[in-house]
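Some notes on the model follow, as numbered points. Please read them against the coordinates.

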Amino acid sequence: MRTYETLDLGDLKDYDRETSTHWIYLCPFCYRKIGSEDVSGHLYVSKTKLVGLCFRCDTVVLVTHDSIEYVDDKRIIERIASEINTLTVYDYLFSCDATSEVKSFPSWKEDPDIVGYLEERGKHVVAKANELDLKAFIGTKKGVLIPVVINGRVVSYQIRFITGKKRYYTRPGPKLLYRPGGLTLSYIPEVVLVEGVFDAISVSIIHPSPIAIFGHTITELQKILIREIAPSRIYVCMDSKQLSEAVALQLKDLPTLDDLDVLSVPYKDPDEWIKHTVIH
Ligand SMILES: [Zn+2]
């Protein structure tokens, strides 16, 4: 049975051998999953996608590494920032194809714990789960996978773990933008910027264009993407007023902007606010 794991390559011994596209490791999951060690190297990890598959125990591995998981790829960011050139951004986005990776995950409905977790987050989330194409990450840890779609293509994804210590896994690469139901890079008159994907999903109940920025800083690439949307009005609604103000400050010089406002909600974050005031 195909299962999913995350793996910090720093925890592994050096790779066994390599091809031009893959590092090949002795699979650390074979013993637990099929009862015998991998002694000849069956775990193929893609050098560019940082995703792997063991051809022996059928484990799909998402590679985590602190420097990859939390820091944007500086080289790509710098290249894009230095060229601030729309064509480059579209070329870059075109190279981010996570369609087949995301397709390989089962539906969110496959696991009762994940269904329970989404119910806990609110019935509005469950109601949207199919439309948002949420998937299940089922391995030693479990989680909900949220595909990130831009211009009709799956360009990335984030996993919110429901067990274990680490809360999130984001596909390696620069931070993009998440709009529930997909983001099209063309004029959107008004957007609400929020921190996380579940904030965006919740706010989508009351606003057509909430956009998560994956944290509370805006990168150069994200700014370029926002410029493509050319909004005339932006509301910023982070988890605190201070953070919202800091984000708003970064957007001040957007040429299309008529109105830039900070929204404060009387709860921990917009997700909680929607859950407690709008849904009930
Ligand atoms: Zn294996």
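Is Ala230 buried, partly exposed or exposed, by its C-beta neighbours inside 10 Å? Ala230 counts as partly exposed, because it has 15 such neighbours. The scale calls a residue buried if 20 or more other C-beta atoms, placed from the backbone, lie within 10 Å of its own, exposed if 12 or fewer, and partly exposed in between.

1. Basis. This is a predicted model, in which local features need pLDDT of at least 70, side-chain atom pairs count only at pLDDT 80 or more, and totals for chains, interfaces and linings use all residues. Residues are numbered from 1 along each chain as its sequence is written.

2. Ala230 and helix H9. Ala230 sits in the loop between H9 and strand S13 (233–236); helices (H or I, at least four residues) and strands (E, at least two) are DSSP runs, numbered from the N terminus. Ala230 is not a glycine, yet its phi is positive, about 50°. H9 itself covers residues 220–229, and its buried residues are Leu221, Gln222, Leu225, Ile226 and Ile229. Viewed down the axis of H9, these fall within an arc of 140°, so they line one face of the helix. The arc is taken over the directions from the helix axis to the C-beta atoms.

3. Phe214. Phe214 is another non-glycine residue with positive phi, near 55°. Phe214 counts as buried because it has 21 C-beta neighbours inside 10 Å.

4. Nonpolar core. The largest nonpolar core has 70 residues, and Val144, Leu193 and Ile211 have the most contacts inside it. Such a core is a set of buried Ala, Val, Leu, Ile, Met, Phe, Trp, Tyr and Cys residues joined through C-beta atoms within 7 Å. Strand S8 (residues 142–150) gives the largest share, 6 residues. Domain 1 (3–65) and domain 2 (71–278) both contribute residues, so the core lies between them. Leaving aside neighbours within four places in sequence, the contacts of Ile211 are Leu177, Tyr178, Arg179, Leu183, Val191, Leu193 and Ala200. Contact here requires C-beta atoms, placed from the backbone, to lie within 7 Å.

5. Hairpin. Strand S7 (residues 135–138) and S8 run antiparallel and are joined by 4 bridges; pairing requires at least two bridges found by DSSP. The two strands form a hairpin with 3 residues between them. Val144 in S8 stands opposite Ala136.

6. Domain boundary. The bounds of the two domains come from an automatic or database domain assignment. In the boundary, 9 residues of domain 1 are in contact with 9 residues of domain 2. On the domain 1 side, strand S1 (3–8) and strand S6 (59–64) are the elements that give two or more residues, and S1 gives the largest share, 4 residues. That side divides into 5 nonpolar, 3 polar and 1 charged residues. Here Ala, Val, Leu, Ile, Met, Phe, Trp, Tyr, Cys and Pro count as nonpolar, Asp, Glu, Lys and Arg as charged, and the others, Gly among them, as polar.

7. Lys47. Lys47 lies in the loop between strand S4 (43–46) and strand S5 (51–54). Lys47 is exposed, because 11 other C-beta atoms lie within 10 Å. Not counting residues up to four places away in sequence, Lys47 touches Thr21, His22 and Trp23.

Terms used. Two residues are in contact if their C-beta atoms, placed from the backbone, lie within 7 Å.
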